[in-house]
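Please read the points alongside the sequence and the model.

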Amino acid sequence: MARLNIPDFMLASFDTTHDAIRAEQASDTAGIKARLIPTPETVKSGCGLSLRMAPEVATDIARILEKEAVTVSHWTLSATIDGVRQFIAQESPLMKEDEK
């Protein structure tokens, strides 16, 4: 039986539904592909919604959300490691950018 190959993705989680909806709208306005999904059970989130995006656009989305004063409570990388889907807590992509 073939395994489903799900690409890695980033999640931005929020404490409020208001912030989650604003994040999706801000991403859409900027022309960056992202969508709201129910937060996986293994990821902490106050409102139960997360913005899913490709890892390579996470820094751009983080910049937009900071500019729009949208608060992200958690950043999470979803990756397949040794054939198992894992959710790995991350710092804000902007923190990583500051370290460069």
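Which residue in β3 is the bridge partner of L11? The answer is given in point 2, after a word on the model.

1. Basis of the note. This is a predicted model, in which local features need pLDDT of at least 70 and side-chain atom pairs count only at pLDDT 80 or more, while totals for chains, interfaces and linings use all residues. Residues are numbered from 1 along each chain as its sequence is written, and side-chain values use heavy atoms, with hydrogens and water left out.

2. Pairing of strand β1. In β3, the bridge partner of L11 is R52; in β4, the partner is T76. Strand β1 runs antiparallel to β3 (residues 49–53), with four bridges, and antiparallel to β4 (residues 74–81), with five bridges. Helices (H or I, at least four residues) and strands (E, at least two) are DSSP runs, numbered from the N terminus; two strands pair if DSSP finds at least two bridges between them.

3. Strand β1 covers residues 9–13, and five of the five are buried, so it is largely enclosed by the rest of the structure. Buried means under 20% relative accessible area, exposed over 50%, and partly exposed in between (1.4 Å probe, protein chains only). In a regular strand the side chains alternate between the two faces of the sheet. Here F9, L11 and S13 lie on one side, M10 and A12 on the other, and both faces are covered.

4. A charge over a ring. R52 sits over the face of F9, 3.7 Å from the ring centre. The criterion is that NZ of Lys or CZ of Arg is within 6 Å of the ring centre and within 35 degrees of the ring normal.

5. S13. This residue of β1 is buried, with a relative accessible area of 0%. The side chains of S13 and S50 are joined by a polar contact of 2.9 Å, that is, a pair of N or O atoms within 3.5 Å; within protein, one must be able to donate a hydrogen and the other to accept it, and residues adjacent in sequence count only if both atoms are side-chain atoms. Beyond neighbours within four places in sequence, S13 has contacts (heavy atoms within 4.5 Å) that include T39, V43 and H74.

6. The largest nonpolar core. A nonpolar core is a set of buried Ala, Val, Leu, Ile, Met, Phe, Trp, Tyr and Cys residues joined through side-chain atoms within 4.5 Å. The largest one has 19 residues, and A12, F14, L51, M53, I61, L65 and W75 have the most contacts inside it. Two or more residues each come from β1, α1, β3 and α2, with the largest share, five residues, from α2. Leaving aside neighbours within four places in sequence, W75 is in contact with residues including M10, A12, M53 and I88.

7. T17. Located in helix α1 (residues 17–29), T17 is partly exposed at 37% relative accessibility. T17 and G48 are 31 residues apart in sequence and 7.9 Å apart in space, C-alpha to C-alpha.

8. Backbone points to inspect. Most residues other than glycine have a negative phi, and most peptide bonds are trans. A69, in the loop between α2 (58–67) and β4, has a positive phi of about 60° and is exposed at 55% relative accessibility. D82, in the loop between β4 and β5 (84–90), has a positive phi of about 55° and is exposed at 79%.
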